[in-house]
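Open the model in your viewer and keep the sequence panel beside it. The tour goes from one selection to the next.

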Amino acid sequence: MCDKKTNEVSKNAVVKAEKNAQNTQLVKEAIRAIQYTQDALIYLNAGKTDKAKEALKNAIGQLAIVLNTPNAPYLLPVDIQIEAYQFEGRIEDIAKLISQAKLLVAENKLPEAREVLNTLRDEIVIKTINLPLATYPAALQLAVRYINEGKVKEAKDVLAMALATLVEIDTIIPIPIVKAEALVTEASKTIKKDKKQALKYLEEAKHQLKLGELLGYTSKSDTTYKMLEDAIKKLEKENKANHKTEGLFKELLQK
């Protein structure tokens, strides 16, 4: 059972990770280009080809701004969604839940298995919707050409296809690792004024690493996991022996 201060450090670490994810810079020109593309499709469906061409030219103009930027990325972020899933059980529950999920899969009860597996998530999922800069502008230009040739249906198809080529990328941040890092950082700040509290932070950091391993975010054979676990144990040992630990904390935080 964590004390109040340790719980607070863990909670704040998750909040900070979510805020950092929300700070992803969306490309305004790309967002406008998509809006103009949607407008063009609406105009074509209403038979307003001139307005559709104007909207597409605006979209192409917005993307030209990005294309002329040095080192323009291949994918332009236009939307972001963040979801957090926290494991509410105990470490002792994990093996039972995994066995239950395996049994349900073996019995082909996949919906029930998915429900069980979803309880074994402890992560922040960042869904970023991206506009592919390599193909999107060419699709808009092709649509303009079709409109000029009187091929409205083909223009509609191209625009619908272009809007469907937006790429979704999911980034998963394991919450136990986020918490472990924050706890080690806090322990390094606390060690001189409150050695007992610093040891509580390190103990919980070990617990979070173990939780991350059991939930499949890392493994005992993983070099990083083993390195962090050993480093935390070494810190605890040196701390209890009243040895200097500043260098060890610095080394652990770098890892």
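How many of the ten residues of β2 are buried? Select strand β2, residues 123-132, to find out. Nine of the ten are buried, so β2 is largely enclosed by the rest of the structure. Keep in mind that this is a predicted model.

**The sheet**

Three strands form an open sheet, in the order β1-β2-β3, and their pairing is antiparallel. The edges are taken by β1 (75-85) and β3 (167-174); each has a single partner strand, so one side of each is left without a neighbour in the sheet. From one strand to the next, the twist averages 20°. As background, strands of a sheet pair through backbone hydrogen bonds, and the pairing can be parallel or antiparallel.

Select β1 together with β2. These two strands pair in the antiparallel sense over ten bridges. To follow the pairing, pick Ile82: the bridge partner of Ile82 in β2 is Ile126. Then pick Tyr85, which stands opposite Glu123 in β2.

Select Asn130 and look for its bridge partner in β3, which is Val167.

**A helix across the sheet**

Select helix α2, residues 28-45. Helix α2 lies across β1 and β2 and runs at about 100° to β1.

**Rings and charges**

Return to Tyr85 and show its side chain. Which residue lies over the face of Tyr85? Arg121 does, at 3.7 Å from the ring centre. Another arrangement of this kind is found at Tyr146, where Arg145 lies over the face of the ring, at 5.8 Å from the ring centre.

How many aromatic pairs does a search of the whole structure find? The search finds zero.

**Helix α9**

Last, select helix α9, residues 195-214. Helix α9 has 20 residues, and the distance from its first C-alpha to its last is 29 Å, close to the 28 Å expected at 1.5 Å a residue. Colour its buried residues: among them are Leu199, Tyr201, Leu202, Leu209 and Leu211. The buried set also includes Gln197, Glu204, Gln208 and Glu213. Finish at Gly216, which follows α9 and has a positive phi, near 90°.

Terms used
Residues are numbered from 1 along each chain as its sequence is written. This is a predicted model: local features need pLDDT of at least 70, side-chain atom pairs count only at pLDDT 80 or more; totals for chains, interfaces and linings use all residues. Side-chain values use heavy atoms; hydrogens and water are left out. Two strands pair if DSSP finds at least two bridges between them. Helices (H or I, at least four residues) and strands (E, at least two) are DSSP runs, numbered from the N terminus. Axes are lines fitted to C-alpha atoms, for helices over the stretch in contact, and angles run from 0 to 180 degrees between N-to-C directions. Contact means heavy atoms within 4.5 Å. The expected span of a helix is 1.5 Å times one less than its number of residues. Buried means under 20% relative accessible area, exposed over 50%, partly exposed in between (1.4 Å probe, protein chains only). Rings of Phe, Tyr and Trp (its six-membered ring) pair if their centres lie within 6.5 Å; planes under 30 degrees apart count as stacked, over 60 as edge-to-face and the rest as tilted. A charge sits over a ring if NZ of Lys or CZ of Arg is within 6 Å of the ring centre and within 35 degrees of the ring normal.
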